[in-house]
Structures are given as C-alpha cells and as structure tokens.
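I opened the notebook to look up how this chain packs.

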Amino acid sequence: MVVFPPLQLLDNSGRDGILGVSCMLYLFLDPLFMYAPLIDEDNKCLMLHNRVKIAALVLRSVGDVRHLIRIYLHIKDGWGKSSSLKKKLRLANDTVSILPIPQVAILIFFPNMRGFNSLKTMMFLNSLIALQYIPRVYPIYVLFNEKINTEKFGKSSWSSIVVHPEWSSIFANLIGYIIASQIFGAFWYFFAVQREILCWELACRMENGCEFSTSCVQNTHRNITLLNQFCPVNPPNREVYDFGVYHDALQFGMQRSTDFPQKFLQCLSWGVRNMSSFGSNLSGSSTNGGENVLVVVFSIFGLGLFMYLLGHVQTFMQMKVSKSDTIRQKMKMTNIRSILNEYDLLDENHEMERKIRLAVKDKLKEDDNHIVENMLSILSLKYCGEAKNLATEIKCSLFMDKLKKVDGFKDKEEEVLKKICEHLEPMIYNKGCYIIREGEPVDMIFFVTRGSVLTYATNNGGSIGSSGTIHLEKEKDGLYGEELLTWAEESSNKLSNLPISALTVKSHNKVEVFALLATDLRLLVSKFPSQFNMDSTRSHHSCR
C-alpha cells in the first residue's frame with residue numbers, strides 16, 4: 001500500500017504537488033464518458049446510461065477545478081509580457097485540459113448523429129478526445145520525471161510513502177500501466193460501439209430511402225431486419241461482417257449491458273492483457289484504418305511503457321548491486337577476526353565470527369556508515385535468531401575464567417558468575433581521563449581490557465603537594481574496585497555509604513573497560529543472598 005505525499009511535492013509552494021498527484025486519480029476516472037453510450041438492439045439506436053453520464057460529469061467537473069485554480073494562480077501571479085515561456089505553456093496546458101470535448105462529442109453529438117457524413121465528424125471528434133489526454137498526462141510525466149531520480153523522492157517530501165523509496169519509480173510505472181490500460185480499455189469499448197454503428201451506416205447505404213441516424217428519439221426509417229442480417233452481433237458472424245478487434249466486446253454484449261462494474265472490469269482486463277503483450281493478442285490485418293491505427297498506437301504505448309519500466313528496474317538493480325558491493329567492501333574492511341583474536345575469542349569452527357558478521361551485515365544495510373572497530377561496537381549490535389544471546393556469550397567467554405580467579409568471586413556458582421558477566425558494561429575512556437580518583441567513592445568494579453592505565457596514591461590521602469609512586473599498568477584484564485564487593489555484601493549499606501578509593505586510576509591512552517556498576521552488584525547480591533554470605537553475624541561483624 002502506498003499513501004501519496006503531502007502538498008509540497010513538486011515545488012516550494014506546494015501548488016504543483018497536489019495538482020500533479022491528483023492527475024493520476026483524475027486520469028483514471030476521466031474515461032467514464034466512453035462507457036456512457038449504450039446500444040438499443042431492438043430499435044438499433046444509441047442511448048446513454050444516465051448514472052454513468054452523471055458520474056462522469058460530476059467527476060470531470062471536480063477534476064477541472066484544479067485546472068481552474070492553476071489558471072487563476074497563473075493570471076494572479078502575472079503572465080503578460082514579463083511571463084516566462086514555461087508559465088505560458090502551463091497556462092495553455094490547463095486551458096486545453098478543461099475544454100468540454102468529451103461532453104460535447106459523446107453526450108451531445110454522438111447520440112444524435114444524422115446523415116452519412118456524421119460518422120466522419122465523429123472520427124474527427126475521436127481524435128480530439130484522444131489528443132486531449134496529452135495535456136492531462138503531461139503533469140504526471142513531469143511529476144515523476146523530476147522526482148523519481150532525486151534524493152528528495154521517497155525521503156523528506158515523500159515521508160508518507162510506506163514502500164521502500166527505491167521501489168517508488170517501479171511503483172509509479174506500474175500505476176502508469178494501469179492508467180494506460182484503463183484508458184485504452186475505455187477507447188476499445190467506445191470504438192466497439194462506433195464499429196457497430198458504422199456497420200449500420202453501410203447497411204443503410206444499401207437500401208433506398210434509408211435515413212441514417214443514431215437517435216432513439218427522432219423518427220427515422222430503419223429496416224431492423226436488414227440491420228440484424230447485415231450486422232449480426234448476437235453472436236457476431238465474421239463471414240457476414242468482421243468487427244475486427246471489437247469482436248469480443250460485441251460478442252459479450254457489452255454494448256447493450258447496463259451492468260457498469262462488470263463492463264468496467266472487462267475493459268480494464270482487456271487493456272491490461274493487451275498492454276502487457278504489446279498488442280500481440282489483437283487480431284491481425286484489417287481493412288479498417290481506424291482499427292489499424294488503434295493496434296499500432298496500442299503496441300507502441302505498451303512497448304514504450306515496458307522499456308520505461310525496464311529502465312527503472314535496471315537502475316534499481318544497479319543500486320542494489322552497488323549497495324551490496326559497498327556492504328561487502330566494508331565487511332572486508334571490518335577486521336572482526338583480528339578483534340576476536342585480540343580477545344582470544346577465536347574458535348576452531350569460527351562460529352562466533354560467523355554470527356557477528358551476519359549481525360554486522362544487517363547493521364550495514366540500515367547504516368552504511370557503521371564501523372566495527374572494537375568490542376564495544378560488536379556488543380552494541382542487534383543479534384537475532386540463533387545469535388540472540390551472543391552478547392552474553394561473548395562476555396562469558398571474556399570474563400568467566402577471570403572472575404574465577406578473583407578472591408571475592410571464585411567461590412560463586414556458575415549461574416551467579418554468568419549473571420555478573422551479563423551485567424558487565426563496556427566503557428571507553430580517552431587519554432588522560434580519570435576512571436577512579438583517590439578519596440572519592442568507588443561506584444564500580446571494572447576490568448581493563450584494552451589500553452593502559454596509571455595508578456598512584458599520595459602519601460597523605462591526596463593532599464596538595466604530597467608525593468606518591470606512579471605505576472603504569474600495561475597488563476590486560478587488571479581488576480579494580482574490588483572493595484565494592486565487601487560493601488555490597490553488607491545488607492545495611494546503601495549508595496550513600498560507598499567505599500572511598502585509596503588510589504587514583506587514570507587512562508594513559510585510550511582505554512576500554514568492562515564495568516559492573518554498584519547498583520547492578522547490589523541487585524545480584526539481593527538475588528543470590530546465599531552466594532554472598534549475607535548472614536546477620538557477618539553483617540554485624542563487618543559493621544564493627
């Protein structure tokens with residue numbers, strides 16, 4: 001499903017946007033005029049379907065309002081000597097579009113034709129009806145020709161489109177196929193009615209005293225028997241009179257049917273089938289010039305729309321291939337294996353690497369600029385399916401064995417250690433940042449996994465001017481903030497009673513740490529109280 005965009009589509013003022021988009025619906029419904037004529041087979045005359053006629057007039061009038069608005073705006077903005085050629089052409093386009101050609105030709109002249117030359121006049125009016133579709137189609141062409149290949153299409157201005165922006169051009173072309181099929185299907189029905197009337201004229205010429213007329217009101221001499229014999233339509237007989245490409249329409253009795261929905265769908269179906277086959281399903285050679293012109297125009301339009309669609313599909317595929325190449329190139333540039341090797345996470349089957357690469361690929365589809373440069377960027381990825389718990393698995397692989405070597409954690413059960421690993425959060429500190437300051441509360445336990453830190457303590461608790469020894473800690477996986485574990489095991493302690501650090505830890509270069517925050521540690525202690533020796537005796541002793 002696609003919802004059309006807001007008014008500001010075509011230009012800055014928004015006027016052309018709503019007018020251009022409304023052209024599609026307007027153009028799809030405008031051929032209703034051609035479904036209005038019906039043939040009274042009993043009296044061999046032409047009448048109009050009143051409901052279809054009224055609907056066509058109302059919809060046409062509503063559609064013409066947009067052209068009148070544009071004409072008013074053109075005149076209001078000024079289009080005299082200072083007006084550009086483009087504005088004058090737009091004004092001419094709108095003026096031609098509202099000319100009441102189908103109203104006069106189909107609703108007035110066609111049902112009241114009289115005399116043998118009237119059909120020649122009708123053929124001229126047919127050409128005017130067809131040519132009037134050029135100024136009506138032109139705004140749609142401008143709309144998509146200017147917007148399909150721009151960055152604005154499908155993003156800011158087309159914010160209400162729900163399909164992927166790259167599909168917009170293909171969708172527009174399919175809409176063009178449907179509209180063209182509807183128009184050609186309506187013309188097919190309209191010309192089928194005219195073809196039967198042409199047969200009446202030929203039969204009338206064969207009889208002396210016959211006065212040709214399509215009116216059901218005027219009293220004219222008609223030899224109904226002769227017309228039935230020379231122009232059989234129930235069913236049509238090709239040996240007596242060949243109706244050519246209109247044979248199916250007359251065979252199904254569409255020209256006398258008042259069931260408009262069925263007639264409309266039959267014509268639309270005929271248009272879609274023949275448009276998609278470039279008119280190859282239409283009958284072969286014919287002696288009727290108008291019929292041959294219809295077949296040629298139909299074939300050219302079908303081929304043209306197909307080539308237009310093919311061009312957009314090719315562009316779409318090239319964009320997809322280009323994006324896939326970009327993703328593959330970035331995947332090559334993303335040295336996931338070296339990162340895993342740095343953390344000793346490579347396994348023989350490379351299963352973890354495979355899962356991470358799938359997650360990176362999905363992320364690159366959403367964000368082309370995403371870069372995987374460290375473990376933090378790997379853990380921040382969204383994992384689905386079999387890799388749903390991969391982030392926890394990575395943390396457990398990194399820290400499970402290390403936690404078992406820490407005095408405060410080595411006696412804990414596997415489940416507790418796994419929960420601790422799950423709560424370890426990666427953090428990045430740039431060069432020269434204080435991670436812990438001497439004399440300040442310790443609010444986390446952390447491992448240093450990348451980079452090096454400086455640790456030092458002053459001789460008198462951090463007083464100004466005091467001296468101390470500075471140690472450069474280069475060894476990975478150094479653990480800091482262990483005193484927080486003793487604090488957490490004290491059931492009466494709160495965040496306001498955090499232990500005070502006896503040393504300062506400062507990043508010597510860019511440092512990566514995995515930290516267990518005090519709040520998370522307290523949560524784990526409360527969840528597994530038996531694992532953290534939270535008994536009243538020990539608590540009382542610790543408080544002392």
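**Entry 1: the chain overall**

I began with the contacts in the chain that have a separation of 6 or more; residues 24 or more positions apart account for 73% of them. I took contact to mean heavy atoms within 4.5 Å. The model is predicted, so local features need pLDDT of at least 70, side-chain atom pairs count only at pLDDT 80 or more, and totals for chains, interfaces and linings use all residues. Residues are numbered from 1 along each chain as its sequence is written, and side-chain values use heavy atoms, with hydrogens and water left out.

I looked up the secondary structure next. The chain has 19 helices and ten strands. Helices (H or I, at least four residues) and strands (E, at least two) are DSSP runs, numbered from the N terminus.

Then I checked burial. Of the 544 residues in the chain, 45% are buried. Buried means under 20% relative accessible area, exposed over 50%, and partly exposed in between (1.4 Å probe, protein chains only).

**Entry 2: H4 against H5**

I asked how helix H4 (residues 101-109) and helix H5 (residues 118-131) cross. Their axes come within 9 Å and cross at roughly 150 degrees. That makes H4 roughly antiparallel to H5. The axes are lines fitted to C-alpha atoms, for helices over the stretch in contact, and angles run from 0 to 180 degrees between N-to-C directions. Angles over 145 degrees count as roughly antiparallel, under 35 as roughly parallel, 65 to 115 as roughly perpendicular and the rest as oblique.

H4 passes H5 in a left-handed crossing. Left-handed means that the near helix is turned anticlockwise from the far one by less than a right angle; clockwise is right-handed.

I listed the residues. H4 brings Ile 101, Pro 102, Ala 105, Ile 106 and Phe 109 to the contact. H5 brings Ser 118, Thr 121, Met 122, Leu 125, Leu 128 and Ile 129. In this contact of H4 with H5, nine residues are nonpolar, two are polar and none is charged. Ala, Val, Leu, Ile, Met, Phe, Trp, Tyr, Cys and Pro count as nonpolar, Asp, Glu, Lys and Arg as charged, and the others, Gly among them, as polar.

**Entry 3: H2 against H4**

I turned to helix H2 (residues 50-77), which packs with H4 at an angle of about 170 degrees, with the axes 11 Å apart. H2 and H4 are therefore roughly antiparallel to each other. Lys 53, Leu 57 and Arg 60 of H2 meet Pro 102, Gln 103 and Leu 107 of H4. I sorted the residues of this contact of H2 with H4: three nonpolar, one polar and two charged.

**Entry 4: ring pairs**

How many aromatic pairs does the structure hold? I found 16. Rings of Phe, Tyr and Trp (its six-membered ring) pair if their centres lie within 6.5 Å; planes under 30 degrees apart count as stacked, over 60 as edge-to-face and the rest as tilted.

I looked at Phe 28 and Phe 264, an edge-to-face pair at 6.1 Å centre to centre, with 75 degrees between the planes. The pair links distant parts of the chain: Phe 28 is in helix H1 (residues 15-29) and Phe 264 in helix H10 (residues 260-276), 236 residues apart. Phe 28 is partly exposed at 22% relative accessible area, whereas Phe 264 is buried at 16%.

Tyr 35 and Phe 264 form a tilted pair, 5.9 Å centre to centre and 55 degrees between the planes. Tyr 35 sits in the loop between H1 and strand E1 (37-40), 229 residues from Phe 264. Tyr 35 is buried, at 0% relative accessible area. I also saw that ring pairs link Phe 28, Tyr 35, Tyr 189, Phe 260 and Phe 264 into a cluster.

I picked Leu 398, in helix H15 (residues 390-403). Is Leu 398 buried or exposed? At 5% relative accessibility, Leu 398 counts as buried. Not counting residues up to four places away in sequence, Leu 398 touches Tyr 343, Leu 345, Met 375 and Phe 514. Leu 398 and Tyr 343 are 55 residues apart in sequence, yet 7.1 Å apart C-alpha to C-alpha.

Ser 397 also lies in H15. Ser 397 counts as partly exposed, at 41% relative accessibility.
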